[in-house]
Amino acid sequence: MPALDPAFLAVQALSGLSSASSLFITACGLTIVFGVTRIVNFAHGSLYMIGAYTAATLVPRLLELSFGPVTFWAGILISAIIVGLIGVIIEVLLLRRIYGAPELFQLLATFGVVLVVQDLVVQVFGPQDILGPRAPGLRAPVEILGRRFPSYELVLIAAGPIVLGLVWLLLRKTRFGVLVRAATQDRDMVASLGVNQALLFTGTLFLGAFLAGLGGALQIPRVSANTGMDLSIIAEAFVVTVVGGMGSVPGAFLAALIIGQLQAFGILIFPKSTLVVVFLLMAVVLAIRPYGFFGRAEIGGGTHAVGIASRSPLPGRGLILLIVIAVLAAFPLVADAYLLKVATEILIFALFAFSLQLLIGVGGIVSFGHAAFFGLGAYGAALAVKWYGVSMEAALPLGLALAALGAGLAGAFVVRLSGIYLAMMTLAAAQILYAVAFQWVEVTGGDNGIVGVWPSSWASGPIPYYLLTAALTLITVLLLKRIIDAPFGYALRAARDSEARAEAIGLKVRQHRWLAFMIAGAAAGLAGGIYAFSRGSVDPSLLGISTSVDALTMLLLGGIQTVVGPLVGAAALHGLRDWIMPLTSLWRLLLGLSIIAMVLIFPRGLVGTVRDWWGARA
Amino acid sequence: MTAPLLEVWNLCAFYGRAQVLFDLTFRLQAGEVMALVGRNGAGKTTTLKAIMGLVAASARQATFKGQSLARLPTYKIARLGLGYVPEDRRIFTDLTVEENLETGRRPAPAGRSPWTPERLFRLFPNLAEMRTRRGNQMSGGEQQMLAIARTLMGNPDAILLDEPSEGIAPVIVQMMAEAIRAMKAEGVAVLLSEQNWAFAAGISDRACVIERGEIRFQGSMAELMANEALQAETLGV
């Protein structure tokens, strides 16, 4: 039994400490940037990745000129400074323009940067992983209780507390630090005292990006720089900052220590996925302390309250509905098999986006992990087919039920939170499911997923499956629309606009939101199930961040304040992708830039922009 | 009469579509204390905020020391030498007294001796005893003193002071009055927004009465004190 061997325990604890150090250095930058700018910078993981690539490229060249520990560490530092300057560029070009925007737009815009960086990194550094050099002077392992332990890891263990100390000194003992802490609390007041916030924010971004770059650069002797680093580190860094309390540096340190140890020893409990343990920690901490260890409630928050307003019913909507049905039904008469396939997918994603609209536009619940339920529906259906051999007619409801169940479970935690903590919790939930689908190979097929998920014979073929999809989508959208216009929908909107007032008139806000979460999850699950049968297979990417962001982008594109927005957005995004993707290998760059452009040009959404314009004229 | 330190004309402000200030025009001379008085909701706070550029929708026509404030961001207005103490004080509660003072520090114009923490501790002796205390462990009155001291650290020529007597103990109100007289003695002009009529009357040279976003009276304090009918109508005293 290895667990009882003290040497094994010691080495596990030490490697836990070293990953805690690395994690802290990166997460510390994220939490400082959030504290001052109130922006959760999705691109922080991209900066970490750039740090690793830069160091893995730069340090070997420097070592060729002059081999030695000084050169190695100087190279690491230079890489971090370069990343810091990239952070400054991002601040000046993008973040500066979205400080006042709703957090949904901030998250989307910085995710746009993630997409752009993913393609740029491949362009600049090439598609292959880059293995960095080992640190001169630290190549020999040390012996700890008779076990060999890499000496570089010991340096990393020291690096975390050193960075904590330096950051502490910077924040406590310098004018810059005092101003940063003041701005964390009250930006307007700092400006009223004559402080140039723009400079302060740029400085903060430099510091945050520098720390991300340092975190990444320090990894090069341990892991090769690769294109998946950004999203894997950002998920962990989010957990650390949320558990520690957004904006709290000591909180991030404590959380990183705990998570490092949990990961080191979690493999004894869940050998495949230590992320599950980490997620449980986050869920427990947020259930007890909704703002993490040292976080605090947002002052004057509620910037996410953009959504659907009440409107009188359209005249002749029965007729419009009939026309829509007729157009949907007649489409196979004019379309070929390819167009039908595209239309089927657009309908599926429209349903998916519409279910998210119920959460965001109506409930004000900014979910960043809605793919979890889309994926659960798809996997639920596929697993039922694979392991129990059930038919499509049974598998679709089973997938829907699994998604609703998952939404019920996640929602129980999620509805206790608000704002950015809520977004992070939903993101974490989706990442956990992604990890489970990816790593539980015996059941889910891992990366390959599950194949052979075909519809029943009556529904197979492009035309029947298209018609089935159209019918299910239409029925579900109408049901959801009915829910939005029912008293339940009014209650959700009331809670979205003012939680305190909604509670004061007797609405049980949490229960309503929980129910909404389950309904939205079920609808997303249905979409996922239909999607699985349309492709004949499922794979973990259905649960990934990109799928969640796709749904959000569709909402943003179509307009968050409208009911038909997500439907239009799904068609637009899907159509654009089908059109652009074959033309270029840089579609992520284009998609990222488009998301950023949308956020910058319509920072308050299309409808908000029009309203502002109208208001200014009046 | 010399050129005014702060000159405001046709100041308008809006919250959404609702107009809350209508064409306010007034002047603040160097070294004087002018009271902006009026009922709750008359627009006093909004006036100060609009001058500082903290109200999103305002038509700001103002000059300070002859320089237009119209398109300046808040921090540049403050750097011209116009200090602002908001009504809710907005102390940085995570920062100590000394750190709060540090946030306000700006160099003094040439030829003037700058405000230092030591000088300010003499002006507000209570603060001297709690230099390393955090803002969240201070009473309302102590926070008010700190807010004023913090703004003085910027060595302003004028201060917009919003409701310094609100919600604090009478003995501290007395100290506030003395502090304002001390500032005046140092040559700092004060635009004082106040609901506490007795307090305002005791320390101000001139007064400006606002009612529903419009100026009803402008003149010397003595003149306003003589006009009891106007006081009763606009101030309810």
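Me: Helices (H or I, at least four residues) and strands (E, at least two) are DSSP runs, numbered from the N terminus. How many helices and strands are there in chain B?

Reply: The model is a predicted one, in which local features need pLDDT of at least 70 and side-chain atom pairs count only at pLDDT 80 or more, whereas totals for chains, interfaces and linings use all residues. Residues are numbered from 1 along each chain as its sequence is written, and chains are lettered from A and ligands numbered from 1 in the order in which they are written. Chain B contains 10 helices and 11 strands. Its radius of gyration is 17 Å, close to the 18 Å that the globule rule gives for 237 residues, so chain B is as compact as a globular protein of that length. The radius is taken over C-alpha atoms, and the rule is 2.2 Å times the number of residues to the power 0.38. Along the principal axes, the C-alpha trace of chain B spans about 45 × 40 × 40 Å.

Me: What radius of gyration does chain A have?

Reply: Chain A has 25 Å, which agrees with the value near 25 Å that a compact globule of 618 residues would have. Its C-alpha atoms fill a box of roughly 75 × 60 × 50 Å along the principal axes. This chain holds 25 helices and four strands.

Me: Which domains does the assignment give for chain A?

Reply: Domain bounds come from an automatic or database domain assignment. For chain A, this gives domain 1 (2-237) and domain 2 (343-572). The C-alpha centres of the two domains lie 34 Å apart. Eight residues of domain 1 of chain A are in contact with 13 residues of domain 2 of chain A, where contact requires C-beta atoms, placed from the backbone, within 7 Å. On the domain 1 side, α4 (103-125) and α9 (229-244) of chain A are the elements that give two or more residues. The largest share, five residues, comes from α4(A). By class, this side has seven nonpolar, no polar and one charged residues. Here Ala, Val, Leu, Ile, Met, Phe, Trp, Tyr, Cys and Pro count as nonpolar, Asp, Glu, Lys and Arg as charged, and the others, Gly among them, as polar.

Me: How many residues of chain B are in contact with chain A?

Reply: In chain B, 20 residues are in contact with 19 residues of chain A. The elements that give two or more residues to the chain B side are α2 (74-79) and α3 (97-104) of chain B. That side divides into seven nonpolar, five polar and eight charged residues.

Me: At what angle do helix α12 and helix α18 of chain A pack?

Reply: Two packed helices are described by the angle between their axes and the distance between the axes. Axes are lines fitted to C-alpha atoms, for helices over the stretch in contact, and angles run from 0 to 180 degrees between N-to-C directions. Helix α12 (residues 317-334) of chain A packs against helix α18 (residues 462-485) of chain A at about 165 degrees, with axes 9 Å apart. The two are therefore roughly antiparallel. Angles under 35 degrees count as roughly parallel, over 145 as roughly antiparallel, 65 to 115 as roughly perpendicular and the rest as oblique. In this contact, Ile325(A), Leu328(A) and Pro332(A) of α12(A) meet Ile463(A), Tyr466(A), Ala470(A) and Leu474(A) of α18(A). These residues divide into seven nonpolar, no polar and no charged.

Me: What is the angle between helix α13 and helix α22 of chain A?

Reply: Helix α13 (residues 337-362) and helix α22 (residues 545-558) of chain A pack at about 75 degrees, with axes 9 Å apart. They are therefore roughly perpendicular to each other. Among the residues of α13(A) that meet α22(A) are Phe349(A), Phe352(A) and Gln357(A). The contact has eight nonpolar, one polar and no charged residues.

Technical notes. Contact = placed C-beta atoms within 7 Å.
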